Each structure stands twice: as structure tokens, then as C-alpha cells.
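I opened my notebook to record what I looked up, one entry at a time. The structure comes first, then my notes.

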Amino acid sequence: MNPCIAIIERNSLVRTALHKMLEDIFDIAEVLSFDGIEAFHADCNRYFVHFFISSDILLQNTAEFETLKKETIVLNVGEHTALENVGFKVLDLSCSEHEIAASIIRLHEGVGDFHSPASDPALSEREKEVLKLVVTGHINKEIADRLCISLPTVVYHRNNIYEKLGSNSIGRLTVYAVLSGLVGINEI
């Protein structure tokens, strides 16, 4: 049975954005979105490895997730130290996509075995250099200046990276770079 990730969130925009990001990052896990706990219960006969759940839904169903703290990530806008103090991991949705991807990596380090990067796509040394700069927040002009190459060459390398990794999602690129050892988690 394939591993599944559940998103339980009432806000459809948050659900959709997080669903896309998680699909890009965890390409071998099936991501399922639910607009409430009732919809989740109607389809919970699966092997869920993680639950991304809004703080309000969690607070109404704390007992149900009490034994699943290790697998549960609470979705919140801003910090929620009360939930962290009782053992839940919290993902701050007010951050940028890049910061959310980095947070997801931090939250999942050492948990589960389904988040390995795609098989080695054989990035060239120059593509690795470009990727490092992309995931650390540099724009094309800055990359060109740092590597002493032209702007079209940067775009060429980025396109090759996207093709080899099968995605242009900054979240997926960041996860690949961290899991491949190209950058440390503290560098992003």
C-alpha cells in the first residue's frame, strides 16, 4: 500500500497550494486533501504517514491526534507555541514558499523514508553551482555575476536543472539540494 499524506484544512486556497507543494516534494506519496474532519473520516482507510491539519480542526479533535503527534504537522498562520509545547510540530503558513519548503524539510528530517530525491539525475558541476544559488535565494542576475557567466547561460542551466529534476518548483529544488548534500538546511 502506497504511503499517503493527508491535508485537513477548510481553506481551499491553502489546501490547493500545500497539496501542489507536497506533491512536488514527496513524489512517491499520494497527497489527499480534505476540507474537514468528516471528509477525512469518510476516506481514512489508507496508510497515512503524515497529517497536515489546520490548528482549529486539530484543537477540536485533539484526542484523535494525540497518539499521532510524531506524524502530525499543524498548519497555522504565525507561531503557535501552545501546540509546540505539548509536542505537535507547527508549520507557519505566513512564510514564503521557499521558507515553507525549508520548514517541511526540517520537520521531516529523520521521519519516514519516503522523501528521497529522484534517482541521480546527473547534474553537471555548473548546474549544481547554479542550483545552490537558486535555492539560497539568488536571482538570475546575481547568479550570472557570481559565476561570471551570461544571463542566458544561467537560464540555460536552470532549464536543464528543471528538466533533469522534473520540476521547476522551488520547494522540490530545495528538497533535492538539501537531501543531495548540495546545501545545508541552515543555508536556506
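**Sheet and helices**

I began with strand β4 (residues 72-76), which runs parallel to β5 and is joined to β5 by 4 bridges. The model I am reading is a predicted one. Next I checked a facing residue: asparagine 76 stands opposite aspartate 92 in β5.

I then traced the whole sheet. It is open, has 5 strands and pairs them in parallel, in the order β2-β1-β3-β4-β5. Which strands stand at the edges? I found β2 (30-34) and β5 (89-92) there. Each has a single partner strand, so one side of each is left without a neighbour in the sheet. From one strand to the next, the twist averages 20 degrees.

I looked at what covers these strands. Helix α1 (residues 12-25) lies across β1 (4-8), β2, β3 (48-54) and β4. Helix α1 runs at about 170 degrees to β2.

My next entry is on helix α7 (residues 125-135). I listed its buried residues: Glu127, Val130, Leu131, Leu133, Val134 and Val135. Just after α7, I noted that glycine 137 has a positive phi of about 95 degrees.

Last, I took up a helix pair. Two packed helices are described by the angle and the distance between their axes. For α7 and helix α9 (residues 151-165), the axes come within 9 Å and cross at roughly 90 degrees. Angles of 65 to 115 degrees count as roughly perpendicular, and α7 and α9 are therefore roughly perpendicular to each other. On the α7 side, I found Arg126, Glu127, Val130, Leu131 and Val134 in the contact. On the α9 side are His157, Arg158, Asn160, Ile161, Lys164 and Leu165. By class, I noted 5 nonpolar, 2 polar and 4 charged residues in the contact of α7 with α9.

Definitions and conventions. Residues numbered from 1 in each chain as written. Predicted model: local features only at pLDDT ≥ 70, side-chain atom pairs only at ≥ 80, totals over all residues. Heavy atoms only, no water. Buried < 20%, exposed > 50% of the residue type's maximum accessible area, 1.4 Å probe, protein only. Helix = DSSP H or I, 4+ residues; strand = E, 2+ residues; numbered from the N terminus. Axes fitted to C-alpha atoms, helices over the stretch in contact; angles between N-to-C directions. Parallel < 35°, antiparallel > 145°, perpendicular 65-115°, else oblique. Contact = heavy atoms within 4.5 Å. Nonpolar A, V, L, I, M, F, W, Y, C, P; charged D, E, K, R; others polar. Pairing = 2+ DSSP bridges.
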